[in-house]
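Hi there,

Have a look at it first, and then read on.

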Amino acid sequence: FGTHALLIVTLTLIPTTTTAQSENDATREDVYPPLWDRAPESLLDFPVKDNKIVINPWNYQERLGMYKNMLNSSAKYFTAFGSQNFGNILWGLPLQHGWQFRTGRLADPSSVTSCGYEDGDLLCISVRSWWSCMNYYLAVIPFLGAVEAGLFGQLQYEIEILPPEEQRADFCYSVADCRSRNPKLMDEWKAYFEVNNFTLFFFIFSGSPATFSSFKMDDALGLMWKAHVSSIAYALPKFQDSLKYLSDPEANFGEDWANAVDFIAATHFSTDLQTTNEFQSFLPQRMLTEGDVLPSISDFSPQQNRVLLSLRALHKVNQLTGGLLLKLWQKAMSTEAGRKLGRKLIEDLASS
């Protein structure tokens, strides 16, 4: 059954593997998310009020700062995987967030407010944005899971997350609050950051970089993707109503992308800086509108059109099979050999 799933997925994706070209070079300055150099470097760069570090996740720069702190504090675990922390597998999160910001997906899609627009508050993240609400569970929850796991050491202050102006009940705002509302998500993100602590211990005292880079990296990727998928699965039904603010093509793309993440996750795909940038070059550079018809969107490259069409097809086939395609794919990815084959298939999107 696993082999059949691989064949079906291969046939679904094959249009994208014939002409795709990587557009990003790891030496370019724009490999970082927009405004990366302006994001808070340490937790004490955020405002401190009433003995609490106060973070506003509805400001792009501050949400980016949460990612930057996670990357900086976990850098020591990834020194064996390249310089400048480029091998850190957390890069996928801020790079995806940066793509959302750059393409206007964090702005108010209802246009009722000026939140997220150049002629308004550009750094504002709108609570009406489906993308921003989904991303909250891939930003604040991982961050608070890292706090609970001790990634930042013994903190002098408590962390307080500011609520949005509306839909306050859809989110949580502290370690205790998030643990009481979402214990499973907090456990899974905490487990990821705790395995990094164990991995460092293992690396130092085993003196075996080879063991660390093969077995333990796959372990870390598995835990990270498990938590990532759980965050999306929890947030998807919660923010279903927010899709109404989007055009039909954009809403379809959002759900297609969420579906595709399940397939990508099963391969333990590496989300280091270079790999993520290469992969993201095929995502749309603007929001889709009602006039956009795949695979003939005129201002998208042939590769982008093909990738979007493939994501659509993958989602439809998975729906038609009642999720069986994903189950078969996950079965095929249950061994390292299977995952290697799956990763190769995905990497072909960026290199063929």
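Please keep in mind that this is a predicted model.

Next, helix H2, which covers residues 60-74. Its 15 residues reach 21 Å from the first C-alpha to the last, close to the 21 Å expected at 1.5 Å a residue. Most of H2 is covered, with 14 of its 15 residues buried. The N-terminal end of H2 is capped by asparagine 59, which has a side-chain oxygen 2.9 Å from the backbone nitrogen of glutamine 61.

Now to the aromatic rings. The whole structure holds 22 aromatic pairs. One of them joins tyrosine 32 and tryptophan 91 in a tilted arrangement, 5.8 Å centre to centre with 55° between the planes. These two residues are 59 residues apart, tyrosine 32 in the loop between helix H1 and strand E1 and tryptophan 91 in the loop between H2 and helix H3. Tyrosine 32 counts as partly exposed because its relative accessibility is 27%, while tryptophan 91, at 3%, counts as buried.

Another tilted pair is formed by tryptophan 131 and phenylalanine 253, at 5.6 Å centre to centre and 40° between the planes. This pair links helix H4 to helix H9, across 122 residues, and both partners are buried. Finally, ring pairs connect Trp58, Tyr136, Tyr137, Phe171, Tyr234 and Phe239 into a cluster.

Enjoy exploring!

Best wishes

Note on methods: Residues numbered from 1 in each chain as written. Predicted model: local features only at pLDDT ≥ 70, side-chain atom pairs only at ≥ 80, totals over all residues. Heavy atoms only, no water. Helix = DSSP H or I, 4+ residues; strand = E, 2+ residues; numbered from the N terminus. Expected span 1.5 Å × (residues − 1). Buried < 20%, exposed > 50% of the residue type's maximum accessible area, 1.4 Å probe, protein only. Polar contact = N/O pair within 3.5 Å; in protein donor to acceptor, adjacent residues only side chain to side chain. Phe/Tyr/Trp six-rings, centres within 6.5 Å; stacked < 30°, edge-to-face > 60°.
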